[in-house]
Amino acid sequence: EYGLGTTLVTKTVREGETIAVNRNALTAPTDFLASVDELQAVFPQLEHVALVVTWFGNDLRCGQCSIRPCVVDNEPIAYSDPWMVSGIARHDAPEVSRFGGSAAYGGSPSDKTVVEAITELRSRGIKVTLYPLIMMDVPADNVLPDPYGGTGQPPYPWRGRVTAFPATGQPGTADKTTAARTQIEAFCGSAVPADFAPAENTVSFGGAASDWGYRRFILHFATLAEMAGGVDAFLVGAELRGVTGLRDNTGAFPFVEALCDLAAEVRNILRPSTKITYAADWSEYFGHQPTDGSGDVCYHLDALWGHPAIDAVGIDNYMPLSDWRDADYQGGNPDGFQTPYERAGLEAGIAGGEGYDWHYPSMSDRLTRNRAPITDGTHGKP
């Protein structure tokens, strides 16, 4: 909740006793400052960072999912710097769920600390991408209807699993019906840019108090970015493949339309130099191929990638830079590595290797290192 802060925050445990809540390292006034000092020491040519800021979703059914800032403890504890997000004070914020007797997540960063972090990074000459990210706080003991047909929703799922109810491929699916658009509209909410205004240490919200939709989430952080003096890049979403692929009864993609509208509105909030994109999951950026037996191939994000407010095709992708196994110390690494830390090999892996020159068709192939070339089965092109 204060981890991005450059100002020391203390908590009064009892009368006469206070503890620091955002300083564990002793090399700087706060942990954030110590972390950035170390980051620059290790990477002296660092130019750009992604600053991840989180709110929490509470349901895999997009029509029922609220996206809200949460805290670990909403009791009125005496902090030296009150937590405030979107005009909501600590005692009005929901708590994250508990797992194994502890909080399942840390709380959302207070608005003030996000401003402090952006200001500090840019003062050091570091460019900033502000990255609003949804974490799904669905506890293990939930009895929520599962859009994928299970009993209860899986605990702490990936945000990309948020989708229509019932999901694509399930009996009575909402996909390709008017219900898909209705559920997407409920997910997005009705917040508009005029509902947001900079306030002391927070962004105030003048829309409906019950509106915790996706639009409020994104427009809040766009307003906060400008309140901090601007950022170099901004994401209007990340890895929401479960909703970007939903179609209505006409075959249109209502959430892609919503992202286009948001991109245009965010463009009007942010300064012209700020780059805007959506961080598509590696499995969605290139198109939508539903598993409903239709054989459809839809380039559903083309409208977003081609939108005048969007500056780049964004992909959240995690490619391996090597294929090292512990047994390779005895020799036999197919890429010629002698150790997992060889610079030349790692550099070569950035521009080649798995997912570029070859792939493993199955897990058994991975275990036996049976590599297959990447080809186009239809047109015979590598």
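Colleague: In which strand is Val-49 found?

Modeller: In this predicted model, Val-49 belongs to strand 3, which runs over residues 48-57.

Colleague: Why is Val-49 called buried?

Modeller: Its relative accessibility is 15%, and buried means under 20%. Val-49 therefore counts as buried.

Colleague: Which residues is Val-49 in contact with, leaving aside its neighbours within four places in sequence?

Modeller: Leu-39, Leu-121, Ile-126, Lys-127, Val-128 and Thr-129. Contact here is heavy atoms within 4.5 Å.

Colleague: How far is the C-alpha atom of Val-49 from that of Gly-355?

Modeller: These two C-alpha atoms are separated by 25 Å, and the residues lie 306 apart along the chain.

Colleague: On to helix 3. Which of its residues are buried?

Modeller: Helix 3 spans residues 178-188, and Ala-180, Gln-183, Ile-184, Phe-187 and Cys-188 are buried there.

Colleague: How do you know that they are on the same side of helix 3?

Modeller: Around the axis they cover an arc of only 135°, so they sit on the same side of helix 3. In general, an α-helix has 3.6 residues a turn, so residues three or four places apart point the same way.

Colleague: What do the buried residues of helix 3 pack against?

Modeller: Their partners are strand 4 (67-68), helix 4 (214-227), helix 5 (241-244) and helix 6 (254-269). On the face turned away from the buried side, helix 3 carries the exposed residues Thr-178 and Thr-182.

Colleague: What is found at the start of helix 3, and what follows the helix?

Modeller: At the start, a side-chain oxygen of Thr-177 comes to within 3.1 Å of the backbone nitrogen of Ala-179. A polar contact needs N or O atoms within 3.5 Å. After helix 3 comes Gly-189, with a positive phi near 75°.

Colleague: Why is Val-313 called partly exposed?

Modeller: Val-313 has 49% relative accessibility. Exposed would require over 50%, and buried under 20%, so Val-313 counts as partly exposed. Val-313 is in the loop between helix 7 (302-305) and strand 14 (314-316).

Terms used. Residues numbered from 1 in each chain as written. Predicted model: local features only at pLDDT ≥ 70, side-chain atom pairs only at ≥ 80, totals over all residues. Heavy atoms only, no water. Helix = DSSP H or I, 4+ residues; strand = E, 2+ residues; numbered from the N terminus. Buried < 20%, exposed > 50% of the residue type's maximum accessible area, 1.4 Å probe, protein only. Arc of directions from axis to C-beta. Polar contact = N/O pair within 3.5 Å; in protein donor to acceptor, adjacent residues only side chain to side chain.
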